[in-house]
Amino acid sequence: MTTDDVLAEVGPRLRRIRKEREVTLAALSEATGISVSTLSRLESGLRKPSLELLLPIAQAHQVPLDELVGAPPVGDPRIRASEPIRRHGRTHWPLTRQPGGLQAYKVLEPKRKLEPEPRTHEGYEWVYVLSGKLRLVLGEHDVVLAAGEAAEFDTRVPHWFGSTGEGPVEFLSLFGPQGERMHVRARPRRA
């Protein structure tokens, strides 16, 4: 549907909404400050709708502007859970739909005590702990992140993360080749 098609449907829609509410052109004119002749021309399609005209009409009818112009409904914003990915003993649920760029995952790391094997690769990673405790080895740092804590790091620095061995840990992971740095909020691990 072209813009001209959408605009052509505004007039009849304005008339229908006004008639459904049993409002006269004179009453709508008084409520909006728009002349009766302008309102009549809008409804008949002889005048192109503009924001200056549509906003007061939407307010007078107490309807969203989208209803006046017949905007298509917004798509469902929910992300449908896809099949989890099981990798290296972890379960990952993808939270992003588009390939490439920034990727988001919900990750469940089971209770296990592993020896850290730091690795490097291009990009940045951000992790946010939902529950449990996440051990993060990053360069010379060895920290434990608790629920509500986050860390962001350049993945070119040798890094590893996993369970502390005390229980499972659930966290969100954002990974991308580029990204804005987030402040590391981890406390040093106590000896």
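Biologist: Why is arginine 112 called partly exposed?
Modeller: Its relative accessibility is 23%. Buried means under 20% relative accessible area and exposed over 50%, with partly exposed in between (1.4 Å probe, protein chains only), so arginine 112 counts as partly exposed. Bear in mind that this is a predicted model, where local features need pLDDT of at least 70, side-chain atom pairs count only at pLDDT 80 or more, and totals for chains, interfaces and linings use all residues. Residues are numbered from 1 along each chain as its sequence is written, and side-chain values use heavy atoms, leaving out hydrogens and water.

Biologist: What makes glutamate 109 and arginine 112 a salt bridge?
Modeller: The definition asks for a side-chain nitrogen of Lys or Arg within 4 Å of a carboxyl oxygen of Asp or Glu. Here the N to O distance is 2.6 Å, so the pair qualifies.

Biologist: And is glutamate 109 buried or exposed?
Modeller: Buried, because its relative accessibility is 1%.

Biologist: How do you know that glutamate 166 and lysine 133 meet in a salt bridge?
Modeller: Their N to O distance is 3.7 Å, which is within the cut-off, so the label applies. Glutamate 166 sits in the loop between strand 8 (159–163) and strand 9, and lysine 133 in strand 5 (residues 133–138), 33 residues apart. Strands are DSSP runs (E, at least two residues), numbered from the N terminus.

Biologist: Why is glutamate 166 called exposed?
Modeller: Its relative accessibility is 60%, so it counts as exposed. Lysine 133, at 38%, is partly exposed.

Technical notes: Helix = DSSP H or I, 4+ residues; strand = E, 2+ residues; numbered from the N terminus.
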